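The sequence and structure are shown first, and the description follows.

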Amino acid sequence: MTVSESDDGRRSFRGGGASSSNRGGASSSNRGGASSSNRGGASSSNRGGASSSDRGGVGGSGRGGSTGGPRRDSRDNRGGAGGDRRGGGPRRGGEGGFAPRGRDGDRPQRQQARPDEPDLPENVEAGELDPAVRRDLLSLDKTNANTVARHLVMAGKLVDDDPRLALAHARAARQRAGRIAIVREAAGITAYHAGEWAEALSELRAARRMAGGPGLLAVMADCERGLGRPERAIELGRSDEAAALSGDEAAELRIVVAGARMDLGQFDQAVVTLQTPDLDASRTGPGAARLFYAYADALVAAGRIEDGLKWFLNSAAADLEGDTDAEERVAELTGDDQ
């Protein structure tokens, strides 16, 4: 897992890059947020949804940009963290910490692992974590900081392929460093990818209280959708914090809010929500592809099939990395998939 630093100095996790499945929603990808499946939650609806990426999060990309919220699999619910575990034998997660010196004056290298922590492979090193995040761990005892960092690395590696195990690592980090905002944020994003909407919302709120700023509003709003509370997602989209967002972060939140409108059957309102100057067909890249996809999805849901087809084509053209299934949607709408 790495962390990027935005222009305003905020740090953000980036995990593997897969999209979260199940609900659609903000795509934790472009940002790294979590995505999940089941429509009950943030990452599933509307085939895609907002991307938790913009600001950072443990993982992945999110296949379509549909009006869903953060990170939902773009193939799920149309309407509405990456992992290879590299070789090496497992090692218990609780290494480090203070221990009595041996007779030769050397401090033992390992301490008893905590029984509720997942194993840490031998070759996972704290140095794999972005230095900006590691600096936030400096208030911890050195050996504890090392273990927390390694758990965060594993959460980032696994969030896309094994979100439940990734969440176990993120929880272990939180138990050891629950007063550090970036650790709580990582736990929240990982919980989001694992479909634990309530836990994700709680952790992200805690991170906001500690660090200030708007936090991952798109992911939080999509968690509200996952909990069956689309009205609250819409309220977040109207908040003062939302008004302060710009660029991809603002676009991701609009995608989630549009998804909440679709959850409520308000398809025309969803279309209007996404009508901004960012709907420029000459744009390319993941953010543009997701926004165009979400807009196309809303148009189709509102019965404007021809307009929706046009924007699915625009999404496919903007999607240089193949993150969405816009081409498949085009085939479905034109009958070419028969």
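A residue is termed buried at under 20% relative accessible area, exposed at over 50%, and partly exposed in between, with a 1.4 Å probe and protein chains only. The model is predicted, so that local features need pLDDT of at least 70 and side-chain atom pairs count only at pLDDT 80 or more, while totals for chains, interfaces and linings use all residues. Residues are numbered from 1 along each chain as its sequence is written, and side-chain values use heavy atoms, with hydrogens and water left out.

**Salt bridges**

A salt bridge is defined as a side-chain nitrogen of Lys or Arg within 4 Å of a carboxyl oxygen of Asp or Glu. A search of the whole structure returns 17 of them.

| Side-chain pair | N to O distance |
|---|---|
| Arg 176 and Glu 117 | 2.7 Å |
| Asp 222 and Arg 225 | 3.2 Å |
| Asp 263 and Arg 225 | 2.7 Å |

Helices (H or I, at least four residues) and strands (E, at least two) are DSSP runs, numbered from the N terminus. Arg 176 and Glu 117 form a salt bridge at 2.7 Å, N to O. Arg 176 belongs to helix H4 (residues 163–176) and Glu 117 to the loop between strand S3 (90–91) and strand S4 (120–121), so this pair ties together parts 59 residues apart in sequence. Both Arg 176 and Glu 117 are buried.

Asp 222 and Arg 225 are three residues apart in helix H7 (residues 217–226), and are therefore separated by about one helical turn. Asp 222 is buried, at a relative accessible area of 0%, and Arg 225 is likewise buried, at 1%.

Arg 225 also forms a salt bridge with Asp 263. Because Asp 263 lies in helix H10 and Arg 225 in helix H7, the pair ties together parts that are 38 residues apart in sequence. Asp 263 is partly exposed, its relative accessible area being 25%. Elsewhere, salt bridges with shared partners join Arg 171, Arg 174, Arg 184, Glu 199 and Glu 203 into one network.

**Helix H10**

Helix H10 comprises 17 residues (247–263) and reaches 25 Å from its first C-alpha to its last, close to the 24 Å expected at 1.5 Å a residue. The expected span is 1.5 Å times one less than the number of residues. H10 is mostly covered, with 14 of its 17 residues buried. Gly 265, which follows H10, has a positive phi near 80°.
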